[in-house]
Amino acid sequence: MPSSLPRPIAEPPVRRLTPGDLVACADLCEDRGWPRDEHRWRLLLAAGTGYGVDDPGGKGLMASCVVTTYGPRLNALGMLLVAERYARQGVARHLMNRVIAECGSIPISLYATAAGQPLYEQLGFSVVGRSQRITGFFRPTGESLDGVTVRPATAEDLHAMVRLDSDVFGADRTHLLARLPAYADHIRVARAEGELIGYAAAWPSERTHVVGPLIARDTATAQALVASLAEATDLPLRADIDARHTEVLDWFEKCGLRLGSATTVMKLGTSDLPGLPGDWTRRYAPLTVATG
């Protein structure tokens with residue numbers, strides 16, 4: 001009896017994705033059991049460069065990924081997906097090799113699942129950190145957060161947010177943050193003594209609000225920002241927190257959220273820093289986490 005499985009293709013053509021591929025990208029997520037997240041795809045395809053492999057059988061995309069460039073110091077790779085019917089046939093490796101070649105000498109960072117990490121290690125990526133997912137309905141603890149003023153962000157806050165973000169992230173993300181007001185349902189800024197000391201956003205994803213980015217001077221500021229965002233929604237929260245921020249993770253659990261899956265932060269490429277650029281002590285959660 002002939003096999004119904006598709007025949008592997010040694011080197012399928014890789015092309016650039018466009019906004020017209022939005023539904024096909026969402027279909028690919030659904031095929032792998034991920035949320036469709038057309039909202040997130042719309043942002044990534046606008047702010048980054050998408051790469052795709054068409055299914056030779058005409059069934060949408062065989063594979064995808066997106067690279068978001070932050071100047072000469074860093075590229076961020078996400079949404080690496082291969083359709084289930086083409087899994088374990090070398091498609092992901094082929095696509096990654098193409099993307100790595102396109103990035104040239106600029107380092108690449110990504111968040112790897114346990115399933116994807118062995119491939120990235122074979123391609124030369126090294127471990128530089130860990131991210132912990134936490135989800136659930138937020139219940140305030142009643143802790144006092146004196147000295148920190150949190151309010152909804154306005155258009156006048158954008159320049160200060162970009163300056164703070166560039167300092168903390170270690171690269172200019174203006175092209176991404178400029179799209180944040182249209183992407184997020186809620187944005188909060190924190191100030192102390194007239195200075196912007198943090199900001200955070202919550203954006204929709206499959207009946208949850210995802211907290212990210214979360215940039216804060218210290219733990220108390222991060223807590224105040226999250227508490228303010230939680231007041232604005234009736235949906236459960238989700239966040240991917242740098243695992244080194246143990247105080248914030250413990251606080252989330254006290255507020256009713258539970259620990260979920262963890263991902264490994266990885267990096268490829270030489271640079272003047274062993275890890276990612278910027279100041280991790282003020283970087284609590286990224287804008288979006290999605291890789292394979």
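Cys65 counts as buried, at 0% relative accessibility; buried means a relative accessible area under 20%, exposed over 50%, and partly exposed in between, with a 1.4 Å probe and protein chains only. The model is predicted, so local features need pLDDT of at least 70 and side-chain atom pairs count only at pLDDT 80 or more, while totals for chains, interfaces and linings use all residues. Residues are numbered from 1 along each chain as its sequence is written, and side-chain values use heavy atoms, with hydrogens and water left out.

| Residue | Relative accessible area |
|---|---|
| Cys65 | 0% |
| Cys103 | 8% |
| Lys267 | 5% |

A disulfide is a covalent bond between the sulfur atoms of two cysteines. With a disulfide taken as a pair of cysteine sulfur atoms within 2.5 Å, the count is zero. For Cys65, the closest cysteine sulfur is that of Cys103, at 8.5 Å, which is too far for a bond.

Contacts of Leu95, beyond residues up to four places away in sequence, include Val53, Ala63, Cys65 and Leu80, where contact means heavy atoms within 4.5 Å.

A pocket is, on a 1 Å grid over the protein atoms alone, an open set of points where a 1.4 Å probe fits, with protein on both sides within 12 Å along at least five of seven lines; lining residues have an atom within 4 Å of a point. The space in this second largest pocket is about 640 Å³, a volume being the space filled by probe spheres set on the points. Strand 3 (61–69) and strand 6 (126–136) are among the strands that each supply at least two residues of this lining.

Lys267 belongs to strand 12 (residues 258–268). The C-alpha atoms of Lys267 and Phe137 are separated by 33 Å, and the two residues are 130 residues apart along the chain.

Definitions and conventions: Helices (H or I, at least four residues) and strands (E, at least two) are DSSP runs, numbered from the N terminus.
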